[in-house]
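Please keep the sequence and the structure in view while reading.

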Amino acid sequence: MNEFGKVLENVSLKDYSTFKIGGITKYLVKPYSEEKLSKLIKYLNKNKTKYYIIGNGSGLIIDDNFFNGVIIKLDYFKDIKYQDNLVTVGSGVILSNFVNDNFKYGYTNLAFLSMIPGTIGGAVVVNAGCYGDEIINYVKKVKVLDKAGNIKILDKNEISYGYRYTTLKDKYIVLETTFILKKGDVLKTKEWLKEQNNKRINAQPLDKFSVGSIFRNPEEHPAWVLIDKIGMRGKTVGGALVSSKHANFIVNEKDASFKDVIELINIIKKKVKDKYEISLVVEPTILRWDEL
Ligand SMILES: Cc1cc2nc3c(=O)[nH]c(=O)nc-3n(C[C@H](O)[C@H](O)[C@H](O)COP(=O)(O)OP(=O)(O)OC[C@H]3O[C@@H](n4cnc5c(N)ncnc54)[C@H](O)[C@@H]3O)c2cc1C
């Protein structure tokens, strides 16, 4: 596979996850270009080899068994091309870097993304967002690779989406995305970001390993309120802990296993269902090798 990209063997996925949980993958490949990635997918299909694409691993709870397949990471897809009020960005670009680049040209409408610790690819496929805004609002088109390894351009109106969801997920590899940009007051926006950042530091356990919010907020109540009410704040299973700073965060306190986290999630779901008849929905993607 060396002809397709940089190949790493027997890599621990803990190092590719903000949760620091994940097993050893037989291969991790960083394709050099779109064409090489297309050839890699065709090669893997032909050899019936399982593969999975990851971004920054900030929205993934990764199985910690051995993965006898290929993890693909788009670290070399880092181009950012501006044209008039449009920008086309490679999927491997980290969101905060993209926001900073936009500031240089006076564009501020995507600043809200800067506190989300993901890549462009990961953010677009899950429709990441915060403060009442979401990334899909600014997408014009995406360049993707389908399961057969063919490159396609999809206009926004060819994508269905909703809260933290798009039809791109698990169907396509997003190669690059074109966004519509809007100018604004960069200094004011940076001040606003600083405020929001301080609020997050005060409210969330950002100094611990996590994947952000564990559950979506149901319509009735914020998830953290329900978790508090069932008395799960501060509770542990193995090395996984319900954060005492923010009850909707599970943190990897001490070498937590995948199983610890799933067990803790299931206990919370059951208690909330029993007491309030509300079915909590997990927000990050739970990645199990036997489901690929
Ligand atoms: C401290 C913290 C705070 C967070 N705050 C927020 C927040 O405010 N709002 C929010 O929405 N999220 C938040 N998150 C969750 C997470 O950062 C986002 O979901 C982010 O968009 C995930 O991007 P990623 O690059 O890390 O993707 P990953 O976690 O690596 O992958 C997520 C999914 O995207 C897929 N994927 C990744 N790249 C591609 C690609 N190029 N093509 C196709 N599929 C791809 C993967 O297969 C996987 O299914 C937070 C996480 C943490 C740890």
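The sections below cover the domains, the boundary between two of them, and the ligand.

## Domains

The structure is a predicted model. Its protein chain is assigned three stretches: domain 1 covers residues 5-73, domain 2 covers 80-188, and domain 3 covers 205-290. Taken over C-alpha atoms, the centres of domain 1 and domain 3 are 26 Å apart.

## Where domain 1 meets domain 3

The contact between these two domains involves 18 residues of domain 1 and 19 residues of domain 3. Together the two domains bury about 1700 Å² between them. Carbon and sulfur atoms give 67% of that area. On the domain 1 side, Phe-19, Ile-61 and Asp-63 supply 41% of the area buried against domain 3, more than any other three residues.

How many salt bridges are counted between domain 1 and domain 3? The count is zero. Polar contacts are present, however, with 11 residue pairs counted between the two domains.

## The domain 1 side

Two strands, β4 (60-62) and β5 (67-73), each supply at least two residues of the side of domain 1 that touches domain 3. Of the elements there, β4 gives the most, with three residues. By residue class, this side of domain 1 divides into 10 nonpolar, four polar and four charged residues.

## Around the ligand

The ligand is surrounded by 35 residues. The closest are Ile-53, Gly-55, Ser-58, Thr-119 and Gly-129.

Which part of Gly-55 lies 2.7 Å from an oxygen atom of the ligand, backbone or side chain? It is a backbone N or O atom of Gly-55. For Thr-119, an N or O atom in the side chain is 2.6 Å from an oxygen atom of the ligand. Tyr-52 also places a side-chain N or O atom 2.8 Å from a ligand oxygen atom.

Key: Residues are numbered from 1 along each chain as its sequence is written. This is a predicted model: local features need pLDDT of at least 70, side-chain atom pairs count only at pLDDT 80 or more; totals for chains, interfaces and linings use all residues. Side-chain values use heavy atoms; hydrogens and water are left out. Domain bounds come from an automatic or database domain assignment. Contact means heavy atoms within 4.5 Å. Buried area is the accessible area (1.4 Å probe) that two parts lose on being put together, summed over both. A salt bridge is a side-chain nitrogen of Lys or Arg within 4 Å of a carboxyl oxygen of Asp or Glu. A polar contact is a pair of N or O atoms within 3.5 Å; within protein, one must be able to donate a hydrogen and the other to accept it, and residues adjacent in sequence count only if both atoms are side-chain atoms. Helices (H or I, at least four residues) and strands (E, at least two) are DSSP runs, numbered from the N terminus. Ala, Val, Leu, Ile, Met, Phe, Trp, Tyr, Cys and Pro count as nonpolar, Asp, Glu, Lys and Arg as charged, and the others, Gly among them, as polar. A residue is near a molecule or strand if one of its heavy atoms lies within 4 Å of it.
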